Every structure is written in structure tokens, then in C-alpha cells.
Amino acid sequence: TVSQASEPLCFQFRVPGARIEWLDPTPAESSTVLTYMGCPVDLVLSAEDQENYFDLRIEAFTDEFTLPEGVTLDPPQCKYVNDIQSSVVAQGVGSCPSVSRRLQWVPARTQSGLRIQVCFNALTQAVQRGERCFTFHVFKCRYCMAQGETLQSLAQSFTTDWLQLWGANAHMEDPSSLQLNELINIGTLYTARDGDTITSLAHRFRSDTRALMAANPDVENEEDALLIGSPYCMLPGICDSTEYRP
């Protein structure tokens with residue numbers, strides 16, 4: 001008897017998994033983003049599924065790593081990998097395989113000296129994720145001028161004199177004409193030694209404890225022992241009228 005069956009038809013099902021890659025200009029893994037008080041930080045976090053298939057989202061991983069106060073993340077911006085539209089569009093696939101989010105932050109004066117690790121996840125609706133961690137470091141003793149701020153108003157806020165600040169910035173030709181976000185020095189970095197406190201340094205350098213506490217917000221009390229080998233911002237002392245002797 002002749003068989004009526006056809007030749008077997010064989011095919012394969014392929015269930016792709018996401019291949020998540022972080023893209024430039026996302027800060028590199030374990031890198032340090034250096035910034036200063038008052039200086040705008042503007043970063044782009046970008047990731048894609050190289051399969052151009054799974055939808056991605058970028059979220060801060062705050063279970064273990066806290067974002068610094070004041071950091072904002074813009075809504076996600078989606079596109080296709082290499083601008084080639086996915087052949088499949090369904091829930092969780094085909095509409096956002098490449099995503100970016102803009103991170104903005106202006107470190108406050110109280111964050112001077114801050115060194116903090118932050119982490120972000122690029123996630124699919126499935127279990128796949130790609131993690132990216134880097135460090136923010138707010139360097140001490142440097143400051144970006146704000147709108148309407150003058151050297152004199154800045155000096156007053158740090159309990160020092162505008163002439164002292166001008167002297168600490170040899171590049172500054174005209175102290176009365178400063179630009180928005182212009183980076184200036186407010187003092188000199190000093191490496192702490194055994195037994196140093198804010199009070200002892202203020203006495204040694206003829207500075208003001210209020211000025212040193214304002215420039216070193218990571219120190220809680222002026223009598224606390226400073227961490228040996230760590231940098232602290234020293235502001236020059238000013239001549240008080242009560243100290244003047246003709």
C-alpha cells in the first residue's frame with residue numbers, strides 16, 4: 001500500500017534572550033564622575049538590546065545605592081537599534097529596544113566632599129538586566145558661580161573676604177565680571193595629620209571656624225578629630241577690625 005503521508009516538515013523555534021549593552025556616553029563601569037559645588041552635572045544613560053527585540057527601561061538601583069539628594073532623571077527616550085524597526089511589536093517587545101535617560105544634578109554646598117557610588121539597571125520585562133555602577137565625587141574647595149552671584153556675596157557666605165578669593169584665583173582678570181558657572185577656587189586643600197581638628201586648623205592658619213565648617217560640611221563638629229590623610233578645604237583668614245592695631 002502506498003503511503004499518503006507527506007515528507008516530514010521540520011523547523012525550529014528560537015526564543016531570543018536580550019543582549020543588553022550600555023552605550024556611550026554612559027559613564028564607564030567603576031569610573032568616577034568628578035564635579036564641584038554648584039556645577040551642573042548633565043549625563044546621558046543609554047542602553048540597548050542588541051537583538052533589537054526586547055523593550056528596555058533604565059531605573060536607579062536604590063535597594064543598596066542611594067542617589068544623591070537633588071539628582072533628577074528625565075523620562076525615557078526610546079528608539080530602535082540602528083534605527084531599524086523591529087519586525088515584532090507586542091507587550092514588552094518591539095517598541096523600545098534602545099533607551100536613554102538624562103541625569104541632571106547641581107551639587108549643593110552641603111555636598112562638598114561627597115563621594116558616593118550610584119548604580120542603574122537596564123531592565124526588560126523578563127529577568128534580564130544589565131547593571132552599571134559609577135561614583136560621583138564632589139571635589140572640595142572649588143565652586144561654580146550661580147546666577148546673580150558676585151565674588152563679594154560668595155565670600156560673605158563663606159565668612160571670608162572677596163580679596164582673599166581673588167588672590168586664590170590667579171586666572172581671574174576682573175573680579176567684578178564673573179560668568180555663570182565660572183569655576184573658582186575658594187581655598188586650598190590641606191591633608192589632615194594626627195590630632196588635627198577644625199578648631200586647631202583655624203588657630204594654625206588664622207582662619208575662622210565658621211568658614212572652615214562651611215567649606216567642609218562632612219565635618220559634624222569643629223572639635224572632632226579629622227581623618228588622617230583626608231583632604232580638607234582651608235579658607236584664608238581675614239583681618240577683623242577688632243584685631244586692628246595702628
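Begin by selecting Y143, which counts as buried at 6% relative accessibility, where buried means under 20% relative accessible area, exposed over 50% and partly exposed in between (1.4 Å probe, protein chains only). This is a predicted model in which local features need pLDDT of at least 70 and side-chain atom pairs count only at pLDDT 80 or more, while totals for chains, interfaces and linings use all residues. Residues are numbered from 1 along each chain as its sequence is written, and side-chain values use heavy atoms, with hydrogens and water left out.

Next, display the aromatic rings, among which the structure holds 9 pairs; rings of Phe, Tyr and Trp (its six-membered ring) pair if their centres lie within 6.5 Å, and planes under 30 degrees apart count as stacked, over 60 as edge-to-face and the rest as tilted. Select Y53 together with F54, an edge-to-face pair with 5.0 Å centre to centre and 75 degrees between the planes. Y53 is partly exposed at 25% relative accessibility, whereas F54 is buried at 14% relative accessible area.

F158 is buried at 2% relative accessibility.

Finally, select W105, F120, F134 and F136, which ring pairs link into a cluster.
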